[in-house]
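I opened the model to look up a few things about aromatic rings and helix packing. My entries follow.

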Amino acid sequence: MSLAIIVSMFMFSLSMSISPGPVNITILSTSLNRGFFKTFPFISGATIGFVLLLIFVGFGFSKVINNYPIAFIAMEFLGSAFIIYIGYKILSSKPKIEVNQNSSVPNFKDGFLLQWLNPKAWIACASGVALFSVPNTNTPLFVFICIYFLICYISLSLWGILGEKLTIVLSDSKRILLFNRLMGTSLIFISIYMILNVFIIK
């Protein structure tokens, strides 16, 4: 396998992991309100969930999606509903920075499920598998999965660190409340777009 292909795997993984999306927005908001340590289980769930999804798609399920596109449409609806749920949790968060409070925080299971119900994650998996799979050998796919695991963990952790650093700028409850509403509303709009995408574009 050439160095150019490995570099391409790194660049693909980075661009898909670091770009804003439902997972990143949730990490940013949760880390701002609860701190990086409380957000780390969600980051871990999202990373592990995505990599397992990548393995699942890479070793056969992509054929099912191609043969039964209705399955992907159903996944878009389920994903949109779950993203609305996460957006609501952010919207309803109290405008206080208390890392040790016992209120509801997106956890490992939420991160895991959000990836499996996120159409963006499915598209990223299908695209990556199509780009880096080679007939008669699974070695490039294994390398791609390992690279993606590393890059995804680092990228999502950076979003968590960024969220915690924002506590310096968003130091009062009014600013935090505005930020939570902006992030929660963004997630809900993303989910609405996904639903409309099924009817308008397809």
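This is a predicted model: local features need pLDDT of at least 70, side-chain atom pairs count only at pLDDT 80 or more; totals for chains, interfaces and linings use all residues.

**Aromatic pairs.** I paired rings of Phe, Tyr and Trp (its six-membered ring) if their centres lie within 6.5 Å; planes under 30 degrees apart count as stacked, over 60 as edge-to-face and the rest as tilted. By this rule I get 11 aromatic pairs. I looked up phenylalanine 12 and tyrosine 148: this pair is edge-to-face, with 6.5 Å centre to centre and 70° between the planes. The two residues are 136 apart and link distant parts of the chain, phenylalanine 12 sitting in helix H1 (residues 3–18) and tyrosine 148 in helix H7 (residues 139–165). Helices here are DSSP runs (H or I, at least four residues), numbered from the N terminus.

Residues are numbered from 1 along each chain as its sequence is written, and side-chain values use heavy atoms, with hydrogens and water left out.

**Burial.** I call a residue buried under 20% relative accessible area, exposed over 50% and partly exposed in between (1.4 Å probe, protein chains only). Phenylalanine 12 and tyrosine 148 are both buried. Next I checked tryptophan 116 and tryptophan 122. Their planes stand at 90° with ring centres 6.2 Å apart, so I log the pair as edge-to-face. Tryptophan 116 is partly exposed at a relative accessible area of 22%. Tryptophan 122 counts as buried because its relative accessibility is 3%.

**Cluster.** Which residues form one aromatic cluster? I find Phe12, Phe50, Phe144 and Tyr148.

**H1 against H7.** I fitted axes as lines to C-alpha atoms, for helices over the stretch in contact, with angles from 0 to 180 degrees between N-to-C directions. The H1 and H7 axes come within 8 Å and cross at roughly 35°. I took contact as heavy atoms within 4.5 Å. H1 residues including Ile6, Met9, Phe12 and Ile18 meet a set in H7, among them Pro140, Phe144, Tyr148 and Trp159. By class, this contact has 17 nonpolar, three polar and no charged residues. For classes I counted Ala, Val, Leu, Ile, Met, Phe, Trp, Tyr, Cys and Pro as nonpolar, Asp, Glu, Lys and Arg as charged, and the others, Gly among them, as polar.

**Phenylalanine 36.** I place phenylalanine 36 in helix H3 (residues 36–67). Phenylalanine 36 is partly exposed, with a relative accessible area of 21%. Its C-alpha atom is separated by 7.6 Å from that of glycine 163, 127 residues apart along the chain. Leaving aside neighbours within four places in sequence, I find phenylalanine 36 in contact with Ser31, Ile43, Ser157, Gly160, Ile161 and Glu164.
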